[in-house]
Amino acid sequence: RQALEAFHSEHSHLVLPRRYLVPESSSYPEMWHGVDLAGTVYNMQWWQKHVKQRPDRVNELNQLGFVWERLQPEWNLIL
């Protein structure tokens, strides 16, 4: 969540590019430096672990303007 909040603070949106390597900046948590943010966030395992059963997280992401549609093709495979 902190990395997404930092991205939002920097860019004023949460439309993540397909590949976004988190910069080594004090704006981002150190553990995220060099990590592909979109590749991690849009990974279904990450989603199931960190968001699926957490309506509070869904609400937080909605408030930041998170773009859910990028997950749709993967959801279609699961459904």
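A salt bridge here is a side-chain nitrogen of Lys or Arg within 4 Å of a carboxyl oxygen of Asp or Glu. The model is predicted, so local features need pLDDT of at least 70 and side-chain atom pairs count only at pLDDT 80 or more, while totals for chains, interfaces and linings use all residues. Residues are numbered from 1 along each chain as its sequence is written, and side-chain values use heavy atoms, with hydrogens and water left out.

By that rule there are two salt bridges. One pairs Asp36 with Arg19, whose closest N and O atoms sit 3.6 Å apart. Both residues lie in the loop between H1 and helix H2 (37–41), so the pair ties together parts 17 residues apart in sequence (helices are DSSP runs of H or I, at least four residues, numbered from the N terminus). Arg19 is exposed at 58% relative accessible area (buried is under 20%, exposed over 50%, partly exposed in between, with a 1.4 Å probe and protein chains only). The other bridge joins Arg54 and Asp56 at 2.9 Å, N to O; Arg54 is partly exposed at 33%, as is Asp56 at 37%.

Then there is the largest pocket, with about 220 Å³ of space (a pocket is an open set of points on a 1 Å grid over the protein atoms alone, where a 1.4 Å probe fits, with protein on both sides within 12 Å along at least five of seven lines; lining residues have an atom within 4 Å of a point; the volume is the space filled by probe spheres set on the points, which are joined across faces, edges and corners). H1 gives the most to its lining, with three residues. His50, also among the lining residues, belongs to helix H3 and is partly exposed at 27%.

Conventions:
Helix = DSSP H or I, 4+ residues; strand = E, 2+ residues; numbered from the N terminus.
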